[in-house]
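The sequence and model are shown first.

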Amino acid sequence: MAAPLPTRNLEKATSIDAQLRLLAPRKVSEDDKLVEYDALLLDRFLDILQDLHGEDIRETVQDCYELSAEYERKGDAGKLEELGKMVTSLDPGDSIVIAKAFSNMLTLANLAEEVQIAYRRRIKLKKGDFADENSATTESDIEETLKRLIVQLKKSPEEVFDALKSQTVDLVLTAHPTQSVRRSLLQKHGRIRNCLTQLYAKDITPDDKQELDEALQREIQAAFRTDEIRRTPPTPQDEMRAGMSYFHETIWKGVPKFLRRIDTALKNLGINERVPYNAPLIQFSSWMGGDRDGESCFRRTCKIVYFRSS
């Protein structure tokens, strides 16, 4: 590694991500766990980085992070210049490792934010608080949405039900040669997200917590050691497998749950009839295999009936 720069008088934060509230004060509130989530993932990642590439690389990543935070917070051009000197002094091999480290840190921060958003929505649902219009409507507030239609549009529950039966949401699965994220990496990210969610469950036991923490470390290391970029353009078969992974990982479980939640919401509004199975509220279309650099593109549509029973 290149010779270290002169010692700086930069105050070290207790946790690197303790600066999140300073960098984005409106992004988190006092009851949020985003900082806690992000700090845990980052600490685990830095430990793995040190095990794989040594303490010098870890310290360089921390110094770059802290200089960036200092510049963002104070606008001190000297910090930006110092950061530039640090980066340009690295040899090519270390530069690649550090660039990959920051890419993984950003991904982990995004995963932490996804878990935080889900946590916040669960809290809002528990409190019955649906006043935040900036939050996207989710399957948790379907009943509240239907109630608004009844009140604001002055419609009866029966009229809302009749309109709902005639609605179809067509979700189109697309693919393009520029899609670079590998399916295996997306699956690892999903497992990291699940570990993080379970770690903060209120009824978790000490043994469960230790096992989940170890699993989290394994998944973070596996993701870091997985090549992020596709080295060859995907074939139509690759696109098909990528599209089907969404069914395997999400759709088979998510859509039936969504439809059952609609049935529950309607029942709570006084509608005892369920949405007919031949009313395709959700259907899927696909552009995969088409639109490939001038080839004729075509559209395939599949209508899928989901059973609401578990």
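The crossing of helices α3 and α4 is left-handed, a term for the near helix being turned anticlockwise from the far one by less than a right angle, with clockwise giving right-handed. The contact (heavy atoms within 4.5 Å) includes Thr60, Asp63, Cys64 and Leu67 of α3 and Ala77, Leu80, Leu83 and Met86 of α4. Helix α3 (residues 55-74) packs against helix α4 (residues 77-88) at an angle of about 155°, and their axes lie 8 Å apart. This angle makes the two helices α3 and α4 roughly antiparallel, the term used for angles over 145 degrees.

The model is predicted: local features need pLDDT of at least 70, side-chain atom pairs count only at pLDDT 80 or more, and totals for chains, interfaces and linings use all residues. Residues are numbered from 1 along each chain as its sequence is written, and side-chain values use heavy atoms, leaving out hydrogens and water.

Strand β1 (residues 169-173) pairs with β2 in the parallel sense over five bridges, where pairing requires at least two DSSP bridges. Within this pair, Val169 stands opposite Ile282 of β2.

The structure holds zero disulfides, defined as pairs of cysteine sulfur atoms within 2.5 Å.

Terms used: Helix = DSSP H or I, 4+ residues; strand = E, 2+ residues; numbered from the N terminus. Axes fitted to C-alpha atoms, helices over the stretch in contact; angles between N-to-C directions. Parallel < 35°, antiparallel > 145°, perpendicular 65-115°, else oblique.
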